[in-house]
2 protein chains.
Amino acid sequence: MKAHVWVMPKRTVLDPQGQTIQHALSGLGYASVKDVRQGKFFVLNVEGLSRDEAQKQIEHISKEVLTNPVIEESRFEIVE
Amino acid sequence: MKAHVWVMPKRTVLDPQGQTIQHALSGLGYASVKDVRQGKFFVLNVEGLSRDEAQKQIEHISKEVLTNPVIEESRFEIVE
């Protein structure tokens, strides 16, 4: 089974990487890009679990291992 | 308009971050997670362009700015 996990800086948290990219794009002529947020994306391969168990484990992993809940938020999806 | 861009290490390229996470998860009791690949995820806010122009610009940005084509591959999606 495959799971996708997205981890993004919270809306209320500054994202200096995203800001740097936005400035760079502006300098390269892409002035229409007004805002960039950069996050992390994970593809996990899970084996030997039912869909329900996988759902639970991936939820734990997303929230408690891959995300720093002080500054980040996450979502996940079981894809196949 | 909003665009999502995913940048992942190519399948043929080692992903040491992903491997480290997979090992850590295994040590934490998530032995069912057999493989982890870590990539980047960007949310771009684009203003003042038609959908077609945005599509073209985001394609350029994904391929030529956000991705290192030697070791990474990317895909993008205009979401709204």
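**Figure 1. Salt bridge E59(A)–K63(A) in helix α2 of chain A.** E59(A) and K63(A) form a salt bridge, with 3.1 Å between the closest N and O atoms. Here a salt bridge is a side-chain nitrogen of Lys or Arg within 4 Å of a carboxyl oxygen of Asp or Glu. Both residues sit in helix α2 (residues 51-66) of chain A; they are four residues apart, so about one helical turn separates them. Helices (H or I, at least four residues) and strands (E, at least two) are DSSP runs, numbered from the N terminus. E59(A) is partly exposed, at 33% relative accessible area. K63(A) is partly exposed too, at 47%. Buried means under 20% relative accessible area, exposed over 50%, and partly exposed in between (1.4 Å probe, protein chains only). The model is predicted: local features need pLDDT of at least 70, side-chain atom pairs count only at pLDDT 80 or more, and totals for chains, interfaces and linings use all residues. Residues are numbered from 1 along each chain as its sequence is written, chains are lettered from A and ligands numbered from 1 in the order in which they are written, and side-chain values use heavy atoms, without hydrogens and water.

**Figure 2. Salt bridge K40(A)–E72(A) between two strands of chain A.** The closest N and O atoms of K40(A) and E72(A) are 3.5 Å apart. K40(A) belongs to strand β2 (residues 33-46) and E72(A) to strand β3 (residues 72-78), so the pair ties together parts 32 residues apart in sequence. K40(A) is partly exposed, at 28% relative accessible area. E72(A) is buried, at 16%.

**Figure 3. Salt bridge E72(B)–K40(B) in chain B.** The side chains meet at 3.4 Å, N to O. E72(B) lies in strand β3 (residues 72-78) and K40(B) in strand β2 (residues 33-46), 32 residues apart. E72(B) is buried, with a relative accessible area of 14%. K40(B) is partly exposed, at 27%. Over all chains, the count comes to four salt bridges.

**Figure 4. The rotation axis and K40(B).** Chain B superposes on chain A by a rotation of 180 degrees with 0.0 Å of shift along the axis (RMSD 0.0 Å). This is the relation of a two-fold axis. Among the residues of chain B, K40(B) comes closest to the axis, at 2.3 Å (C-alpha). The same surface serves both copies: 100% of the contact residues of chain B (heavy atoms within 4.5 Å) recur in chain A.

**Figure 5. Confidence of the model.** Chain A has a mean pLDDT of 96, and 100% of its residues reach 70 or more. pLDDT is the predictor's confidence in each residue, from 0 to 100. For the complex, the predictor gives an ipTM of 0.92 and a pTM of 0.93.

Conventions:
Copies are superposed by least squares on the C-alpha atoms of residues with pLDDT of at least 70 in both.
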